[in-house]
Amino acid sequence: MNDMTTGSKRLVVVSNRLPIVVKQLDDQWTFTPGSGGLVSALAPVLRNRGGIWIGWPGTVDAEPESLTELLHEATRHSGYTLKPVTLDNRDKEDFYYGFANEVIWPLFHDLQSHCNFAPRYWDAYTRVNRKFAEVITENVESGDFIWVHDYHLMTVGQELRALGLRARTGFFLHIPFPPLDIYMKLPWRFPLLRALLEYDLIGFQTLRDRRNFLQCVRLIAPDLAVTGKGQVITLRVGGRELRVGTFPIGIDFKEFARDGKSDEVIRKAKHLHEDLPGRQVLLGVDRLDYTKGICHRFEAFRNALQRFPELHHRTTLIQVVVPSREDIPKYHALKMEMERLVGEINGQFTQSGWVPIHYIFRSLNRTELLAYYRACEIALITPLKDGMNLVAKEFCAVSPEGESVLILSEFAGAAAQLQKGALLVNPYSVEEVAEAIHRAIHMGPGERRARMHKLKRFVREYDIFWWVDAFLKAAIAKDLSNFPAPEEYVPHMETISL
Ligand code: ADQ
């Protein structure tokens, strides 16, 4: 039990979306509590300490009063309450689709050419962050700890201070923090950094992100003083003191490992593989997103089939893409490009009895997803940049030891923890990824077992419960020297002779 659960102080979780599934049948709204790693990790803390979860329910039409009632009904037995922040259509367009998804998302994934820096987006961002802060202030009690999540809500801490709230606040960024040169392209770079510095604790996924953030802060705050060098450090800036830490997010390992061995998953996995006899199956599972490197991956697979003809008939790539943000033109264009590439590569290589790429564009239920993790020998996870990438960890938890290999982008946050077991690749290099595919397919069971053993150990040890615990402890611990520095990935240098 963590320190935060032994006291009497409540936890207030704030995220863009509430952890619920909203459905409208005829004229009736239904709200059911959500599932997923973050909810299951935070639920026990919220239940033990009492607490609330504040966020947008995802609708712009429902009346606020009936909404509160329905949310109350949906969480009657969950042990905590949900409080909605109501957004209108303009907020949804300019804050959610605009600033969050056309500015911060691409910029923080180093894809500045995808950004649309429309001035009205920043106004919407600060307006909506203020709305969140107002709902927090209406619901907070003295002594509460407020934990704000992710890139949609970076200025909430500052808005809370402006409203006179003195409660302690923490913020966790689930996506990467970009390097100085890229961050500096943001027209609102200074006010955004200043706003972030109003939190009492800021958490990043990796040391890489924390270092990038510190470089940016140094630029606007020459008086910055840093103490400590472990997992959590202290900054003194502009007369204030705050903590900054690295907390690589994990998964509920035990649950994934257990469910991955259920009869239903085993049956389904066997069934999937029966359709692909004698093949080593490569698996990609991603939300539809240009940061996930899906088109680069298809090109790498094409390169592998061109250079290593012995792979024909011996391997198949199953690519699962979960629909996401499809109404944004960039995402729609990506879908078109992926489908064009799949058609082209399959047209180029398909022979009687063998289709190289199986492409699935839909959301899978949990049993299906676990069956794919279990059935496929090689996970091909090659995002161009990723805060962490939980698919990589879920694959390790479910896949049988001794049979599977993880090929992982060195630009996924997960690379820092998983570097000793995975085959790390630069996702931009089609040749390097093709060689890793070749190597994985030829890897013997001994090496597979040794690598997967290390991977499972890391994913088990640093699970989602460890993550919640570490963040909440970092908020209150007196002595920060007990937080050891996490692993870091540094690309291996080749010896160059000039
Ligand atoms: P995401 O970008 O969404 O998360 P990721 O970490 O891979 O990326 O999480 C995806 C989740 O969706 C996984 O838990 C997975 O099980 C689920 N999922 C994937 N395919 C599915 C399918 N076909 N059907 C149903 N569910 C599916 C952001 C950041 C990441 C960071 C997480 C958590 O971009 O870098 O790891 O937050 O902090």
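Because the model is predicted, local features need pLDDT of at least 70 and side-chain atom pairs count only at pLDDT 80 or more, while totals for chains, interfaces and linings use all residues. Residues are numbered from 1 along each chain as its sequence is written, and side-chain values use heavy atoms, with hydrogens and water left out.

## The two domains

The protein chain is divided into domain 1, residues 11-246, and domain 2, residues 253-461, with bounds that come from an automatic or database domain assignment. Taken over C-alpha atoms, the centres of domain 1 and domain 2 are separated by 31 Å. To their contact (heavy atoms within 4.5 Å) domain 1 brings 17 residues and domain 2 brings 16 residues.

The size of an interface is often given as the accessible area lost when the parts come together. Here domain 1 and domain 2 bury about 1,400 Å² between them, 57% of it on carbon and sulfur atoms; this buried area is the accessible area, for a 1.4 Å probe, that two parts lose on being put together, summed over both.

Across the interface of domain 1 and domain 2 there is one salt bridge, a term that stands for a side-chain nitrogen of Lys or Arg within 4 Å of a carboxyl oxygen of Asp or Glu. On the side of domain 1 that touches domain 2, helix 4 (residues 89-108) gives the most, with five residues; helices are DSSP runs of H or I with at least four residues, numbered from the N terminus.

## Salt bridges within the structure

The structure holds 27 salt bridges in total. One of them joins Arg130 and Glu159, whose closest N and O atoms are 3.3 Å apart. Arg130 lies in helix 5 (residues 119-139) and Glu159 in helix 6 (residues 156-162), so this pair ties together parts that are 29 residues apart in sequence.

## Around the ligand

Around the ligand there are 21 residues, of which His174, Asp386, Met388, Leu390 and Glu394 come nearest; a residue is counted here if one of its heavy atoms lies within 4 Å of the ligand.

| Residue | Polar atom of the residue | Distance to a ligand oxygen atom |
|---|---|---|
| Gln205 | side-chain | 3.2 Å |
| Lys292 | side-chain | 3.0 Å |
| Leu390 | backbone | 2.8 Å |

Key. Helices (H or I, at least four residues) and strands (E, at least two) are DSSP runs, numbered from the N terminus. A polar contact is a pair of N or O atoms within 3.5 Å; within protein, one must be able to donate a hydrogen and the other to accept it, and residues adjacent in sequence count only if both atoms are side-chain atoms.
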